[in-house]
Amino acid sequence: MSNVRHPPMEIHQSSAQLIENCPRLFKAKVIDGLDDSNRWSRIGSACHVVAQRLNAAETDAWGDPPGGGLPSLARAVLDEQVDAGAIDKSEREECEAVLVHAFTRKMQFGFGPGWEVWNELTWRMREDFTHIPHGVTEPAAYSGTWDRLQRHPEFGVSIVDYKTSAAAMTGTELSQDFQARTYALAAMTLFPDVRTVTLMWGYLRVGRWARAVFDRDGTWMGQTKARLIAARARVAAHLELDQWPETLGLGCKYCPLADECATFVTAVRAPYPPADALSVEQQAARVVALSRHLQTLERSVRAYARSHGPIPLGGACIGYKPVEKLEPAVSYEETLAELRTIGMTPAQEIEWFRFVREADFPGRVRSALWELNPATAKGWMQELLSPYTGSKWGIFEPEPPGAMPESAFDEEDMDA
Ligand code: SF4
């Protein structure tokens, strides 16, 4: 995320996660306004602008353009952003590569007549989680921005958020996501008579929607409020003491401050005693340090695995502990056929396997087996999955073949 400066006591979902993960990074981003925008955040922002402009056009602009590719309006918006210096030409190309799947896979962005729509709508809540109306200038305790909020007399309230990541959540995962829950909570405060709110995450790069319905009576509301309150209390405590400790975590791997963070630099440079000589906390710090330190080496491992195939179990992995992974033992279709024989319903199949990334497929099969029948799951796993060490990349493409170039979906994209 790029520049996220805002009043520190006005908690956003992203700043709540920041203060939970590392107070020093919270201060750098939220208070000092550190701008850590990079190629991927610029591409993400540009794709959002395209999505908003097409929605605002209120036409068939999102329709499937004859002959494939992007609609002319989308191309024009990208050109404008190049001219304005928001993205360069190579980033523009990547934006096209991201957005084209939304069209080739026929994501439906037009929601038909009867919807009231607000794009880029900011919401603000008081400490007691009541809504602050637009135009009222009192300080907010919690705030954020929906990419799109829409309301229909029959279909109710839904929130749309566009994502450019390669990894797409399922509806179940979305229902547990903190950002989704915060957005749904805010919508509940704006529409106090509404019983349910539908969240729709639009994965532009993958060309699919994840959808979850939040019920006003669910325990998620209390949990989300408690997390936001706790985050705000933590910010207040750090502000009062003006202390912003560096807290190591796996996110350090991506931290823009890592090279100047004393805690992190110390962890990277620490001598490497045997693991059993370290406390659990020391081991955790070591993992963090190594994960960042090895990031560059990781690229060469990926390149090697791309050209040579999976690395055999027990092999040398340039500092990585060999980890057993799973890959399908039979084809995608055969796997699904077997799952159907043990009770997978059509609805479950759509939820778990439609547009699943190839890298996520074995994990989804494993989860499905446990969910369908825990007693027989292990036996079926041996039938359907086989172990290996190494990495594979790409997206499994149940439809349509060739729509997604493999090069557009490597793990670096996912990291971004
Ligand atoms: S490297 Fe880790 S501990 Fe240091 S500032 Fe960044 S997130 Fe915090």
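Helices, as the word is used here, are DSSP runs of H or I with at least four residues, numbered from the N terminus. In this predicted model, that numbering places Ala86 in the loop between helix H4 (72-83) and helix H5 (89-104). Once the neighbours within four places in sequence are set aside, Ala86 is in contact with Arg42, Ala46 and Gln81. Is Ala86 buried, exposed or partly exposed? A residue counts as buried if 20 or more other C-beta atoms lie within 10 Å of its own and as exposed if 12 or fewer do, and because Ala86 has 16 other C-beta atoms within 10 Å, Ala86 is partly exposed.

From this loop we turn to the sheet. Five strands form an open sheet in the order S1-S2-S3-S4-S5, and their pairing is mixed. Strand S1 (116-125) and strand S5 (208-215) are the edge strands, each pairing on one side only, while the twist from one strand to the next averages 30°. Within the sheet, strand S2 (residues 142-152) and strand S3 (residues 156-163) run antiparallel and are joined by 5 bridges, and Leu149 stands opposite Ile159 in S3. Helix H7 packs on this sheet, where H7 touches S1, S2, S3, strand S4 (196-203) and S5, and the direction of H7 makes about 140° with that of S4.

H7 also has a helical partner. Two packed helices are described by the angle between their axes and the distance between the axes. Helix H7 (residues 178-190) packs with helix H8 (residues 220-241) at an angle of about 105°, with the two axes 10 Å apart; angles of 65 to 115 degrees count as roughly perpendicular, and H7 and H8 are therefore roughly perpendicular to each other. On the H7 side the contact involves Phe178, Arg181, Thr182 and Leu185, which meet Trp220, Met221, Thr224, Lys225, Arg227 and Leu228 in H8. Sorted by class, this contact of H7 with H8 has 5 nonpolar, 2 polar and 3 charged residues.

The ligand is surrounded by 14 residues, of which the closest are Cys22, Glu246, Cys252, Cys255 and Cys261. Helix H2 (23-31) and helix H9 (262-269) each supply at least two residues of the shell around the ligand, and by class that shell has 9 nonpolar, 3 polar and 2 charged residues.

Methods. Residues numbered from 1 in each chain as written. Predicted model: local features only at pLDDT ≥ 70, side-chain atom pairs only at ≥ 80, totals over all residues. Axes fitted to C-alpha atoms, helices over the stretch in contact; angles between N-to-C directions. Parallel < 35°, antiparallel > 145°, perpendicular 65-115°, else oblique. Contact = placed C-beta atoms within 7 Å. Nonpolar A, V, L, I, M, F, W, Y, C, P; charged D, E, K, R; others polar. Near = placed C-beta within 6 Å. Pairing = 2+ DSSP bridges.
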